[in-house]
Structures are given as C-alpha cells and as structure tokens.
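Me: Please take a close look at one part of this model, the open sheet, and at what surrounds it. Keep it brisk.

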Amino acid sequence: MPIDPAIPKALKAIYAGATADSQESETLDFKQESQRGRADTEKALVEATLCFANAVGGSTVVGVRNKPGGPEAFVGATLAPHELKQRIFEQTNPHLAVDVDVVDFHDTRLLVIRAPESPEIHADTQGRAPRRINTDCVNMSPAEQVRHREDRRGIDWSTAASDRPVADVSSRALSVARELLARHSSAERQTLARREDHDLLRELGALRQDGRLSRAGEVLFCSTPDGSDRLVYLYRETPGGEPTDLRRFHDPLIISYEHVMALVEARGRLTPVTLPKGQQLSIEDFPNLAVRETLTNAVVHRDYQLAGPVTVSHSPQIFEISSPGPLVAGVTPHNILTHDSKPRNAALAKAARILTLAEEVGAGVDRIYREMIFAGKDPPRIDSNLERVLVTLTGGAANTRI
C-alpha cells in the first residue's frame with residue numbers, strides 16, 4: 001500500500017513552522033512516543049489505528065509532536081515496525097492487520113501506520129470501538145456500533161416490516177403521491193398514479209411481498225405513532241435570531257415534505273443581477289432545486305433509529321437543515337462528491353426517486369453543489385458528527401463572476 005501523498009506535504013509544512021495538529025485531517029494523525037513508556041505509546045497507537053479502521057481508513061505518523069512547529073517538532077520514533085504491527089493485531093478485536101513503515105525525514109526516523117477502512121467494527125481489549133470524526137477520535141456506544149455495522153454491511157432498515165398495519169396508511173398521503181406521479185412527464189409514472197392502493201404501495205416498496213407495511217411505507221404514508229415531530233421548520237429574520245415562525249409536522253413524510261417546501265418557496269426572494277456583458281438575471285436567494293435536494297437527502301438518508309426530527313432553519317441569509325445521525329459509513333464531508341453512492345435507507349430512497357422527491361442514485365449531492373454554483377453562491381457546507389449531519393446553504397448577493 002503506497003504512503004498517502006498528503007504525508008510528505010504535511011511533514012514539509014510542519015518543518016517550515018506549522019504545528020502538527022494543524023496538518024491533521026480525517027485521514028491523517030500525528031503522534032509521539034509517550035514518556036511514560038512503551039505500553040502507553042502502544043495503547044495510544046492502537047486507539048488511533050482503530051479510529052481510522054472504523055471510519056474511512058488513514059495514516060498515523062509516529063515521531064512528531066503537536067507543538068511547536070519547526071524542526072524541533074520531529075522527535076523521532078524508536079519502536080520496531082514488526083513488533084508494533086503485531087501488538088496492534090493482538091490488541092484489537094477482531095484482529096486488525098495494518099502496514100507499518102519506516103520513513104526518514106531530515107535524518108529523523110519516523111513510523112507510518114496505515115490502517116485500511118474495514119468492513120468490520122474493531123474494538124480494543126476493553127470493548128471500546130472509537131471512530132474518527134473529522135480530527136477527533138470518538139468512542140461509539142454499543143447502539144452506534146450496531147448501526148455503523150449495518151451501514152457497512154448494507155443492511156437496509158427501511159425495507160424491514162413495520163409494526164403499523166396497512167390500515168394506518170393515510171388516504172391523504174396516497175393522494176399526494178398520486179398527484180406527484182400524475183405530474184411526471186413519464187407515461188409509466190402517470191400509469192402508476194392510477195393503480196389501486198395496494199398495487200401502488202407495492203410498486204413503491206411501501207408494501208412487502210408478505211403483505212405487511214415496510215418501514216419505508218410507514219415513514220412515507222403514516223403519521224408518527226406518538227405524535228412526535230417528523231419535521232420542524234423555523235423562520236428567522238436574521239441568522240441566530242428568535243424564530244418568527246415555527247411549524248411542527250408529524251404527518252406522513254410525503255405530506256410534511258410538501259408543507260415545508262411550500263413554506264420555503266413562499267419566502268423565496270429574487271434578486272436582479274446584471275452580468276458583466278449586460279445580461280439581466282433574477283437569482284433566487286436559495287435555488288429551489290438545491291433546497292429540495294438538501295431536504296430530500298435529510299429525510300431519506302437520516303438515521304431513523306435515532307429519535308428526533310429533521311430541523312429546517314430558514315433566514316434570508318442562511319438555510320440550514322439538521323438531520324439525526326452521522327453520514328453513512330465510509331462517507332465524509334470531504335469525499336461526499338467522489339464516494340460511491342451508499343444510501344442508508346435504500347427502500348425509502350427508491351420510493352423517493354419514483355415519487356420524484358429525489359434525483360437518481362448518487363446525483364442528489366452533485367445537484368446541490370451544481371445549483372448553488374450556477375446561482376453564483378458559495379458551495380454548500382456539510383458538517384457531520386455521531387449525532388447529526390448539518391448542511392448549510394448561504395444566500396446573499398450572487399458572485400457575478402461565477
């Protein structure tokens with residue numbers, strides 16, 4: 001396995017005066033050997049390696065201290081590569097095989113531990129299973145470990161049978177679905193809109209072959225069982241100000257979704273822009289297609305095993321959507337445009353595509369970026385931790401050069 005090309009670049013920056021912690025990323029970490037002895041060093045390196053293996057993989061460079069920067073940051077490493085590799089293998093469950101290489105940098109001996117992204121969830125001898133989130137190493141709870149393992153194995157929560165009977169399906173929600181399908185340009189979708197209820201639900205994956213409602217069907221077509229919020233919409237005149245409008249929705253997702261989109265569109269603003277060549281355009285503060293795809297991603301790919309609603313915070317300057325749970329395993333804010341599509345709730349995502357709530361597989365996030373850039377806006381900002389994903393769209397004046 002070749003050494004990450006980001007490592008030489010980071011080492012040069014540190015040697016020039018940057019601190020090691022400023023060069024760390026979701027796939028790169030720096031450590032120094034502990035003054036308390038080899039056991040402490042090995043424990044820290046096992047944890048760092050687990051963090052990468054349980055996330056998207058990465059490298060730990062041993063022999064560089066965090067602060068200060070400059071040549072004095074390079075304190076070197078004395079551990080033997082084969083012994084360290086064996087200790088990491090022994091101290092992880094299931095056993096984790098890594099590569100450990102010696103690197104010479106300005107006459108200083110460093111070690112590089114390279115951990116691949118693993119299909120398993122690895123823990124230390126005490127059962128702790130940390131995962132790297134941005135530059136932090138965060139322990140996953142047992143429930144989080146289960147969900148993370150399901151993500152990696154492609155287990156689809158939304159295709160499993162719901163506890164709700166088919167009788168709980170909202171006739172109003174079915175009507176909305178038919179309206180969406182009838183408006184589609186495809187004759188196949190228009191024909192689907194005229195199918196009997198059970199046939200329509202089955203085509204959408206909302207009704208399983210055994211006749212039971214799927215979880216995707218429950219989310220799309222049933223109100224929340226306890227009246228809890230499914231979607232929350234807040235409007236503020238200024239970012240961070242007190243909400244002047246607060247709406248809570250516990251209706252079936254297909255209804256709640258349309259309500260929120262109507263609220264966003266009602267408050268949409270158009271700004272006239274004159275391009276350098278004199279062309280006149282009217283630019284939306286937040287492109288409708290970008291908003292729609294952001295909301296769709298939030299409600300379709302959220303972690304439904306975590307409680308809490310998807311929250312939309314809207315102001316003329318900032319549009320934010322927060323959804324429960326992290327990004328699906330293997331996907332990060334930095335690789336989201338290049339990583340293969342991995343829907344957390346595949347059955348729900350398929351139904352959303354049929355109903356035209358979502359783009360085709362893998363196109364939704366691309367479309368958000370594309371629409372924001374076409375409108376002369378900054379690209380979306382995506383933040384993720386173990387508890388939630390936050391997507392921020394920035395309004396304001398358009399950049400006419402873009």
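Reply: The sheet is open and has 4 strands, in the order β1-β2-β4-β3, with mixed pairing. Strands are DSSP runs of E with at least two residues, helices are runs of H or I with at least four, and both are numbered from the N terminus. Two strands pair if DSSP finds at least two bridges between them. The edges are β1 (28–31) and β3 (99–105); each has a single partner strand, so one side of each lacks a neighbour in the sheet. On average, neighbouring strands are turned by 25° against each other, direction ignored.

The model is predicted: local features need pLDDT of at least 70, side-chain atom pairs count only at pLDDT 80 or more, and totals for chains, interfaces and linings use all residues. Residues are numbered from 1 along each chain as its sequence is written, and side-chain values use heavy atoms, leaving out hydrogens and water.

Now the pairing inside the sheet. Strands β2 (residues 58–62) and β4 (residues 108–115) run antiparallel and are joined by 5 bridges.

Helix α2 (residues 38–53) lies across β1, β2 and β4, and runs at about 160° to β2. Contact means heavy atoms within 4.5 Å. Axes are lines fitted to C-alpha atoms, for helices over the stretch in contact, and angles run from 0 to 180 degrees between N-to-C directions.

Helix α2 also carries one end of a disulfide. A search of the whole structure finds 1 disulfide (a pair of cysteine sulfur atoms within 2.5 Å). C51 and C137 form it, with their sulfur atoms 1.4 Å apart. C51 lies in helix α2 and C137 in strand β6 (residues 136–140), so the pair ties together parts 86 residues apart in sequence. Buried means under 20% relative accessible area, exposed over 50%, and partly exposed in between, with a 1.4 Å probe and protein chains only. C51 is buried at 1% relative accessibility, whereas C137 is partly exposed at 33%.

Last, the nonpolar cores. A core is a set of buried Ala, Val, Leu, Ile, Met, Phe, Trp, Tyr and Cys residues joined through side-chain atoms within 4.5 Å. The largest has 65 residues, and F221, L295, V299 and L393 have the most contacts inside it. Helix α9 (residues 253–266) gives the largest share, 8 residues. A second, separate core has 16 residues, including A53, L79, L84 and V98.
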